[in-house]
Amino acid sequence: MDSRILGIVGGVLLLIGVFCPLVGVDFMGQSMTVSYIGSSTGTSWEGLLMILLGIAGIALAVLRKYKLLLVPGIIALAIIAYDYFSFKSKMSEMVT
């Protein structure tokens with residue numbers, strides 16, 4: 001597959017993923033979903049940064065700067081890992 005197409009698809013998927021629910025919680029008959037954008041707590045800094053990283057990834061792919069595509073990808077992966085471990089630690093605190 002062409003590297004340019006793969007970079008553009010990755011950036012678009014990152015943009016779409018910002019609006020998808022991360023976690024769905026059902027508590028006392030009420031269901032709540034949390035996403036980077038549009039969650040009940042408002043827009044988070046992670047969501048805005050992910051949108052910027054998606055746009056940067058698309059721009060780098062269009063400009064054929066393929067090696068620089070690693071930078072937004074690694075930053076996005078770090079944000080996702082941080083949120084995952086943060087959520088996991090908050091859930092373990094709630095259970096105990």
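Helices here are DSSP runs of H or I with at least four residues, strands are runs of E with at least two, and both are numbered from the N terminus. By that definition Ile16 sits in helix H1, residues 3-19.

Now the ground rules. This is a predicted model, where local features need pLDDT of at least 70, side-chain atom pairs count only at pLDDT 80 or more, and totals for chains, interfaces and linings use all residues. Residues are numbered from 1 along each chain as its sequence is written, and side-chain values use heavy atoms, with hydrogens and water left out.

The overall picture next. The protein has three helices and two strands. From the N terminus, the order is α-β-β-α-α. Of its 96 residues, 21% count as buried. Buried means under 20% relative accessible area, exposed means over 50%, and partly exposed lies in between, with a 1.4 Å probe and protein chains only. The protein exposes about 7000 Å², and carbon and sulfur atoms supply 72% of that. Those areas come from the Shrake-Rupley method with a 1.4 Å probe; for residues, only the protein chains shown count as cover. On contacts, meaning heavy atoms within 4.5 Å: take the pairs at least 6 apart in sequence, and 50% of them join residues at least 24 apart.

Back to Ile16. Its relative accessibility is 46%, so Ile16 counts as partly exposed. Ile16 belongs to a nonpolar surface patch of about 420 Å², together with Ile5, Val9, Val12 and Leu13. Patch residues have over 30% relative accessible area and no salt bridge; like charges are joined within 9 Å, and nonpolar side chains (Val, Leu, Ile, Met, Phe, Trp, Tyr) within 5 Å.

For charge, Lys and Arg count as positive, Asp and Glu as negative; His and the chain ends are not counted. Asp83 lies in helix H3. Glu46 is found in helix H2. Glu46 is also buried without a salt bridge, and its nearest opposite charge, Lys90, is 8.1 Å away. Leaving out neighbours within four places in sequence, Asp83 contacts Tyr36 and Glu46.

Ala76 is buried, because its relative accessibility is 6%. Not counting residues up to four places away, Ala76 touches Leu14, Met50 and Leu53. Its C-alpha is 9.8 Å from that of Ile51, 25 residues away along the chain.

Aromatics. Rings of Phe, Tyr and Trp (its six-membered ring) pair if their centres lie within 6.5 Å; planes under 30 degrees apart are stacked, over 60 edge-to-face, the rest tilted. How many aromatic pairs does this rule give? One. The centres of the Tyr84 and Phe85 rings are 5.1 Å apart and the planes stand at 70 degrees, so the pair is edge-to-face. Tyr84 is partly exposed, because its relative accessibility is 45%. Phe85 is exposed, at 56%.

Last, the backbone. Most residues other than glycine have a negative phi. Arg64 has a positive one, near 60 degrees. Arg64 is in the loop between helix H2 (45-62) and helix H3 (70-95). With a relative accessible area of 53%, Arg64 is exposed.

Terms used:
A salt bridge is a side-chain nitrogen of Lys or Arg within 4 Å of a carboxyl oxygen of Asp or Glu.
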